Amino acid sequence: MSSRLTLVIGNKNYSSWSMRPWVALRAAGIDFEERLLKFESRDWDDHISTLAPSGMVPVLWEGAPGGGFATWDTLAIVERVNELFPHKGLWPVDPHARAWARAYCAEMHAGFQALRAAMPMNIHGRYPGKGMNPNVARDIARISTLWTDARTRFGGSAPYLFGAFSAADAYFAPVAMRFVTYGVVLQGAAEQYRRRLTESPAVGAWSAAALAETEFVAADEPYATPR
Ligand SMILES: N[C@@H](CCC(=O)N[C@@H](CS)C(=O)NCC(=O)O)C(=O)O
C-alpha cells in the first residue's frame with residue numbers, strides 16, 4: 001500500500017463516529033493525516049461535498065483527499081484499514097474473539113440509540129446525572145455486560161476487551177467518554193475496563209486534542225446554558 005491515508009473527521013469534542021477509526025488507526029500505529037472539518041463552519045460547507053460522499057464524517061481517503069479513493073462509514077473504514085494492514089491487529093487473532101469483536105462493533109454501530117441521543121459525546125462537558133432515563137439505563141446495563149463478558153472470556157491478563165487493543169475498543173471509546181461526562185459509574189471489571197480505555201494512549205491523545213478545542217456547537221449541547 002503506497003497511497004497516503006487521510007482521515008476526514010469532525011470536531012474531536014463532539015464527533016463520536018470520527019473518534020472510532022482515528023483511535024483504531026492511532027492505536028495500531030498506522031500513519032495517517034487528518035483533515036478536520038469543523039461542524040457548522042464555512043470550511044465544512046465549502047468542502048463536505050468533495051471530501052465526504054455521504055455528507056458525513058468520517059471518511060478515509062487513499063491518495064489525495066477528494067481525488068483519491070474514498071471509504072466512508074466507520075465499519076467499512078475499519079474493514080478497509082484491516083485489509084490494507086492485515087498484520088496490525090485491528091481485529092483479534094483468535095477466530096472466536098474476532099467474531100465477537102465484529103459483533104460488538106456491529107451492535108454499537110446499529111444500537112444504543114437511547115444512550116446516543118440522551119448522552120451525546122462532549123469530552124469538555126461535565127453533566128453528571130443528565131440524560132438518564134429507563135432506556136438509557138438499559139443501554140448502559142447491556143454495555144456493562146458486553147464489557148464484562150469480553151474481559152472474562154477473552155481479555156486474559158491483557159488490558160482491553162479481547163486482549164490487545166482492537167477495533168472493538170476503539171468502537172466503545174466514545175461511550176467511555178460519555179460515561180465520564182455524564183457521571184455514569186459501572187461496577188467491577190466493566191468499570192476497570194472503562195478507566196483503562198479512557199487512559200489508553202490513543203484515547204488520551206484524542207481527548208487531549210478535544211479539550212484544546214474551543215468551538216461550541218449548540219446542536220451537540222442539549223444541557224449547556226444557552227449562549
Ligand atoms: N454511520 C456513520 C455515521 C456518521 C455520522 O453520523 N457522522 C456525523 C458526525 S459524528 C456527521 O457527519 N454528521 C453531520 C451531518 O449529519 O450533517 C458512520 O459510522 O460513519
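Strands β3 (residues 59-62) and β4 (residues 69-72) pair in the antiparallel sense over four bridges. Two strands pair if DSSP finds at least two bridges between them. The model is predicted: local features need pLDDT of at least 70, side-chain atom pairs count only at pLDDT 80 or more, and totals for chains, interfaces and linings use all residues. Residues are numbered from 1 along each chain as its sequence is written.

**Hairpin**
- Val59 stands opposite Trp72 in β4.
- Six residues lie between the strands of the β3 and β4 hairpin, where Gly63 takes a positive phi near 85°.
- Helices (H or I, at least four residues) and strands (E, at least two) are DSSP runs, numbered from the N terminus.

**Domains**
- The protein divides into domain 1 (5-84) and domain 2 (95-211); such bounds come from an automatic or database domain assignment.
- The domain centres, taken over C-alpha atoms, are separated by 21 Å.
- Domain 1 puts 14 residues into the contact, and domain 2 puts in 19 residues. Two residues are in contact if their C-beta atoms, placed from the backbone, lie within 7 Å.
- On the side of domain 1 that touches domain 2, α1 (16-28) and α3 (74-84) each supply at least two residues.
- α1 gives the most to that side, with eight residues.

**Ala76**
- Ala76 lies in helix α3.
- Ala76 is partly exposed because 13 other C-beta atoms lie within 10 Å. The cut-offs are 20 or more for buried, 12 or fewer for exposed, and in between for partly exposed, counting other C-beta atoms within 10 Å of the residue's own, all placed from the backbone.
- Ala76 and Pro120 are 44 residues apart along the chain, and their C-alpha atoms are separated by 23 Å.
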